[in-house]
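Try each task before you read its solution.

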Amino acid sequence: MDKARILVVDDELAMLENCERLLTRGGYACTTLVQPTRFREVMAAVQPDVVILDLRMPEVDGMTILTVALADDSAMPVIMMTAYATVASAVQAIREGAFDYITKPFTAEQFLIAVDRAVRHRELTVENRALREQVTRDAGFETMIGSSSAFLKLQSRLRKVAPTKSSVLLCGESGTGKELVARSIHAHSSRKERQFVPVDCAAMPEGLLESELFGHEQGAFTGAVGLKRGLLEEADGGTVFLDEVTQLGVGLQAKLLRALEGRQIRRLGGSTLIDVDIRLIAATNIDLDAAVAAGTFREDLYYRLNVVRLDLPPLREREGDIELLAQHFFAQFSATLDMAPPRVSPDVWQALEAYRWPGNVRELRNVIERLVVLDERGHVTLADLPDAIRSPGRSPASVGAASSTLTYEGARGEAQQAFKAVYLKHLLEANEGNISQAARVAGVSRRTLHRWLAELRPTEKDGDS
């Protein structure tokens with residue numbers, strides 16, 4: 001591991017020499033500076049992990065240099081040292097952002113303990129920053145997978161909207177990834193260093209939801225045994241995501257509107273207004289215009305939320321994205337089980353593409369997880385798919401057209417035979433013609449499987465046992 005770099009600034013050469021000796025002995029890389037006017041230049045060249053400043057210097061005082069250091073790197077731990085120890089100067093230094101404060105004369109042990117604490121703090125800060133950047137990448141636009149025109153259009157709009165301060169309304173069917181989009185907007189905004197707070201408005205009754213959003217004072221209601229900060233207060237400086245926002249009652253809608261307009265909240269049972277600075281992203285899977293017309297959603301709140309509206313396309317309209325997403329989920333779930341992704345038969349891809357996916361990306365994700373978890377052969381075939389996806393080869397429209405002259409029972413029988421033919425074809429292919437194995441997969445006896453095959457065999461070739 002590289003040595004931690006320490007920059008010491010003092011107008012006394014003897015003090016600089018003493019600090020350099022102690023730091024070198026302690027295993028640190030030390031740079032000293034006797035001319036504080038060159039601080040910014042030297043700091044840029046050295047890129048220290050910790051800065052140690054004398055508080056009183058004739059040319060430039062330590063408080064001025066502290067301000068410069070934190071302006072260039074707000075996370076820089078700065079240790080102030082002075083022979084003029086007073087409570088006032090210590091408090092001011094800490095208030096201005098100093099990490100620690102030591103007085104001259106100090107012992108070698110006192111000095112190195114302070115430096116060690118600052119170095120450890122710096123290491124944690126750098127590590128946390130790297131983790132936040134990783135989270136940002138993980139939540140970023142690059143994890144939103146797709147190449148369809150509908151997807152690329154959405155992604156282009158997201159890149160324009162994310163850096164702004166505007167409220168965003170996400171509309172789309174359940175399972176289209178509204179929370180992922182909201183997290184991506186937050187991760188690419190100026191608020192990314194602060195909290196992203198998701199709230200599922202449909203998951204709790206209105207009374208509890210009001211307390212969760214706005215918080216409460218002790219004694220505000222039965223069971224309020226202490227003060228509780230609300231989610232809007234916790235998210236100050238960050239982003240709040242209200243999922244299923246139409247589930248808010250009209251009364252709570254009014255309170256939310258006041259909070260957004262005034263940028264202030266009042267806890268339940270409280271009298272003090274608390275300033276909050278939040279960006280709001282709301283989501284719904286119903287027609288908000290219809291909800292406003294029906295009087296179940298306030299028109300003024302609707303206009304406050306609907307600054308930028310983004311419509312998320314359903315999976316069935318994202319041509320070509322299903323296989324991309326499925327490949328991603330196969331790799332993801334296989335990695336969690338420490339196994340290679342399974343081989344996938346071509347007819348599986350055809351079935352996945354043909355399915356309508358009413359549950360959208362969420363449904364696809366769940367299907368792929370099930371396939372990976374239950375896979376025992378390292379090979380996914382049509383027989384492994386759920387019945388709803390492993391549907392008859394003919395679409396409902398084509399069956400209806402072909403059977404328009406048949407009775408209902410006749411049309412149903414024809415559709416069942418068509419399904420049976422497709423199913424048995426893929427079943428035998430997947431099991432390489434092994435009747436016993438195919439019967440076990442189908443959950444029927446060998447005799448039943450033989451009977452089905454005989455029923456489908458052309459009559460003119462019948463007679464072979």
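The exercises below go from a sheet to the helices on it.

This is a predicted model, in which local features need pLDDT of at least 70, side-chain atom pairs count only at pLDDT 80 or more, and totals for chains, interfaces and linings use all residues. Residues are numbered from 1 along each chain as its sequence is written, and side-chain values use heavy atoms, leaving out hydrogens and water.

**Exercise 1.** Find the strand order of the five-stranded open sheet and its edges.

*Solution.* Step one: the order reads β2-β1-β3-β4-β5, with parallel pairing (strands are DSSP runs of E, at least two residues, and helices runs of H or I, at least four, numbered from the N terminus; strands pair if DSSP finds at least two bridges between them). Step two: β2 (29–33) and β5 (100–103) each have a single partner strand, so one side of each is left without a neighbour in the sheet. Step three: look at β4 (residues 78–82), which four bridges join to β5; here M80 has Y101 as its bridge partner.

**Exercise 2.** Describe how α2 meets α3.

*Solution.* Start with the axes: those of α2 (residues 39–46) and α3 (residues 62–72) come within 10 Å and cross at roughly 40° (axes are lines fitted to C-alpha atoms, for helices over the stretch in contact, and angles run from 0 to 180 degrees between N-to-C directions). Next, list the contacts (heavy atoms within 4.5 Å): F39, R40 and M43 of α2 meet I65, V68, A69 and D72 of α3.

**Exercise 3.** Which strands does α3 touch?

*Solution.* α3 packs on the sheet against β1, β3 and β4, and its direction makes about 175° with that of β4.
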